[in-house]
Amino acid sequence: MAISGLLRFWHTYKNVGRIREIVNVFLKHGFGQFIEQINLHRFIPLRKKLKVFGYWPPIEKHTIPERLRIAFSELGPSFIKLAQLLSSRPDLITRAYADEFKKLQDEVPAFSSDSAKKIIETELRTSIEDIFLKFEDVPVAAASIAQVHRATLKTGEKAVIKVQRPNIKDIIETDIAILDIAARLLVKYIPESKPFNLPGIVDEFSRSVRKELNFIEEARNAARFKRNFTDDPDVYIPAIYPDFVTERVIVMEEIKGVRIDDVQGIESLGIGRDKLAIAGINAYLKMMLENGFFHADPHPGNIFVMSDGKIGLMDFGIVGWLSPELMENIANTFLALVDRDFDRLIDHYIELGIVAEEVDIETFRKEFKADLISLYEPLYGLTISEINFAQYLDALTYLAMKHGLKMPSDLLLVNKTILILDSIGRQLDPSFNLMSATEPYTRKLAKKCMDPKRIFEKTKKNIYEVSSFLTSTPKQIGRLLRKTLRDDLGFKINPIGMDRLIKDIDRSSNRLAFSVIVAAIIIGSSLLIQSGIGGKIFGLPAIGAMGFFIAFILGLWLLISIIKSGRL
């Protein structure tokens, strides 16, 4: 067994209790057949197996996406986080599931302030009294990974402390290990799930949530945002107190203000909501199209309006990165749409790398262009301020699903962030339109692409790639020829459906062997009864009668399992 196999076995053994809990929750919500398909039914306790033997619990009157959302909610922080991630991937899980997962919020109760203080003191290696003049026991916010308390530092500065939940890292690491196993089992036993790249989803989820678990990383993100907005008159980034930052605790300056969605609170401050909407979107455009580094969790609880009219950002655990090439492509894609140049628009989609290699480009161009024209032409009858940018992104996702496009995770994070911003902007100012606010930035970025220095850099990069290709090609051809001459050239063929066929043959063989054993017990019992030896039950030899009884039970069990499989 390879080392990776041993590690997986160890993880499975170590996490068997949690696996049983997960299996039971899925069983409770009507996913018993799915559990059996991926061979996890062995984790169902015998008591429950006997209870459901020959009887499937009634399925709740909910749709499958609803039942899955309820199950994820019951399974706690890791699954809630996973659902939140999947809600931004309708291209992978279909819109019905994505819409249902959007309903999942961090519905986690707060943990005790005593536990929070203990964690703070352990992490900072000093007592609460040595750091704070005042510490508020009641948290101001509680989420799946951490909760936040207000405090006053010894220096008199108002601060907030973000403290990780007790044992949350172990819980999430356990669930990631189980999800990894489940994803591999799904690919193995349900080949139809391969196109969804489930191991890739678990990998993306694990990378994202592990970053959130490291508050030192969050402190670095906050410092980067503060540098980027040092001279900005409209945005304020709170200071981080570096002496009070560890992986599990982070202390930062408190922002005094009202939530961005608190319309009455904003009006009481005497701040114009239309100006606020523009300032907010300008801040995000600067992050996305100039800095290439953006705050990717802009829900209203993380954005505050301060008394001086500035926008204060909080919570820097989830961030997105955009390469200069991706920023240019986003801007050019937008401009091609505005200019009604569909051929150029398709070229930019291809440059974004979202078209699969196996796709026939000419056929794709023809069909995709037809879809784009039918979808977007009606928009051109409107002025640019009447176009809803959120609907544009929504339509783009729909087309991606229809044509099997692979959306990069960075692009989807941009998509999700812009949709949230559009919603907040319209709450602040009903006449607000993201499209109008975005156009100047995209034009500016598109012009930047034509800068001679930028063109020179691109040309230099292309020349380097061509020279690298020309240098390496003879070596690769030589390697291919040597392998061919040594008869060492092979082709890997993966027959579709072979795994299921092997599984069916395996199951049939087991049933056949089981039937032979039952038949042998019947024959042996008959011979014992004919011999008349031993004690008697109902006038029959006891051992022979017991043999018949055991054969009856086993035969009945076999019959029910065959009926349940639907392959009588």
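Student: Does V138 count as buried or exposed?
Tutor: In this predicted model, V138 is found in the loop between β1 (132-135) and β2 (141-142). Its relative accessibility is 63%, and the cut-off for the exposed class is over 50%. V138 therefore counts as exposed.

Student: What separates the C-alpha atoms of V138 and R150?
Tutor: Along the chain, V138 and R150 are 12 residues apart.

Student: How are helix α2 and helix α5 oriented, roughly parallel or roughly antiparallel?
Tutor: Helix α2 spans residues 16-28 and helix α5 spans residues 64-74, and their axes lie 9 Å apart. The packing angle is about 150°, and angles over 145 degrees fall in the antiparallel class. Because of this angle, α2 is, relative to α5, roughly antiparallel.

Student: Which classes of residue make the contact of α2 with α5, and how many of each are there?
Tutor: The crossing of the two helices, α2 and α5, is right-handed. From α2 the contact draws on V25, F26 and K28, and from α5 on L68, A71, F72 and E74. By class, the contact of α2 with α5 comprises five nonpolar, no polar and two charged residues.

Student: What percentage of the residues in the chain is buried?
Tutor: The chain has 23 helices and 14 strands, and its accessible surface comes to about 31700 Å². Buried residues are those under 20% relative accessible area. Of the 568 residues in the chain, the buried ones make up 41%.

Notes. Residues numbered from 1 in each chain as written. Predicted model: local features only at pLDDT ≥ 70, side-chain atom pairs only at ≥ 80, totals over all residues. Heavy atoms only, no water. Axes fitted to C-alpha atoms, helices over the stretch in contact; angles between N-to-C directions. Helix = DSSP H or I, 4+ residues; strand = E, 2+ residues; numbered from the N terminus. Parallel < 35°, antiparallel > 145°, perpendicular 65-115°, else oblique. Left-handed = near helix turned anticlockwise from the far one by under 90°. Contact = heavy atoms within 4.5 Å. Nonpolar A, V, L, I, M, F, W, Y, C, P; charged D, E, K, R; others polar. Buried < 20%, exposed > 50% of the residue type's maximum accessible area, 1.4 Å probe, protein only. Areas by Shrake-Rupley, 256 points an atom, 1.4 Å probe, with all protein chains shown as cover.
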